[in-house]
Amino acid sequence: MVQLTPPMGWNSWNTFGEEINEALIKETADYMADSGLAELGYNYLVIDDCWSLKERDENHRLVADPVKFPNGMKAVADYVHSKGLKFGMYSCAGNLTCAGYPGSYEHEFIDADTFAEWGVDFLKYDYCYHSNIVPGEILYRRMGLALENCGRDILFSGCSWGADETHKWIKTTAASMWRSTGDIFDTWESIKSLTQQQLELHPYNGAGCFNDMDMLVVGMYGKGNVGLSGCTDTQYKTHFSIWAFLGSPLMIGCDIRSMNQATKDILTNKEIIAINQDPLLRQPYKIEGFWGGSDLLMYARHLSNGDIAIGLFNMGEKAATARFNLDELGLPLSLGKTITAKDIWTGEDAKILNGNFRWRLEPYDCAVFRAKLVDLA
Ligand code: GLA
């Protein structure tokens, strides 16, 4: 399978951890289908770790926990499919998953066949308890091969957290996305740290295999499995904008059944999603600008139709002013071109004077523009 744009969906881990069951998955599927999330592109519903029994059956097959999933996984997959969604599951390249359930090490082909029989469309593949003898690239290639020979199109989502220089070999596996960062937690420090971890990795992102900055924490407000101190709505807005702008898969991690309006407004912003899903998938580049300080991140990215996305992200606790000359976007004054742009979040017009762009950002806030080129008046 060739994945042309960053996958989007929902994953159980951030909020629910071990507390997963058939009713939760069905209700989540209902909500994804009925709320319009699926229509916006959020179409993978993924069950993370902790879904199986602690031991395989006598045929060495993985077994869904009968208390959590009394009708088995095929029934769950059928329900998810009946809602027009795709169904994702989780395993691990090690003997055990990160939470201590059986991993797929040396069971890669039998597990890929099981997932195919159940109707799985997406496999997240973790890296805990992996062999110290067999290198990661071999382990991921092995599962990739098993998936490509299981008779079903299953999106392979590598999750080795960027360890062992994943970026150098992940594209030799069948992975369509790969975790380029450690785990996310519902704090601003975590969001900031994962953003930093991407800086050198942008050249590796693109169609076919996407840098996965981990599931979103938007709307968690400190509740649930990775909920620690939680974040403000402004911080969630900036988090979502960064993930979208940098071309990460967008996997929602909050309990969507009870999300508030602010969370919904962030996750369903069509123009931000359009930047994430832009078919050209151009690599973002940093704008240096003037006197911004290390907490002010400025990025640009070419989009289809000749547009340019501009993302200004204030990662710091103090207000900051973004300033840069349009020549950093390839538009020196002498060329007779400028841009018109509105901040997607506020609708406010960009202020450009003598080829210099200037924008004030409150603490932790961001502005994202889809700029159009025009002739200088
Ligand atoms: C690792 C992964 C997480 C999650 C947990 C499950 O930490 O990085 O995304 O899947 O394992 O145990």
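Lys337 and Asp375 form a salt bridge, with the closest N and O atoms 2.6 Å apart; the term covers a side-chain nitrogen of Lys or Arg within 4 Å of a carboxyl oxygen of Asp or Glu. Lys337 belongs to strand E13 (residues 337–340) and Asp375 to strand E16 (residues 366–375), so the pair ties together parts that are 38 residues apart in sequence. Helices (H or I, at least four residues) and strands (E, at least two) are DSSP runs, numbered from the N terminus.

Lys337 is partly exposed at a relative accessible area of 33%, while Asp375 is exposed at 55%. Buried means under 20% relative accessible area, exposed over 50% and partly exposed in between (1.4 Å probe, protein chains only).

## Basis of the model

This is a predicted model, in which local features need pLDDT of at least 70 and side-chain atom pairs count only at pLDDT 80 or more, whereas totals for chains, interfaces and linings use all residues. Residues are numbered from 1 along each chain as its sequence is written, and side-chain values use heavy atoms, with hydrogens and water left out.

## Other salt bridges

The count of salt bridges comes to 22. One of them joins Arg141 to Glu137 (3.5 Å, N to O). Both residues sit in helix H5 (residues 136–148), four residues apart, about one turn of the helix. Arg141 is partly exposed at 30% relative accessibility, and Glu137 is partly exposed at 30%.

Lys342 and Asp349 also meet through their side chains in a salt bridge (3.0 Å, N to O). Lys342 is partly exposed, with a relative accessible area of 47%, and Asp349 is partly exposed at 48%.

## Overall fold and dimensions

The protein contains 10 helices and 16 strands. Its radius of gyration is 21 Å, close to the 21 Å that the globule rule gives for 377 residues, so the protein is as compact as a globular protein of that length. The radius is taken over C-alpha atoms, and the rule is 2.2 Å times the number of residues to the power 0.38. The C-alpha trace spans about 75 × 40 × 35 Å along its principal axes.

Of the 377 residues, 56% count as buried. Among contacts (heavy atoms within 4.5 Å) with a separation of 6 or more, 71% are between residues 24 or more positions apart.
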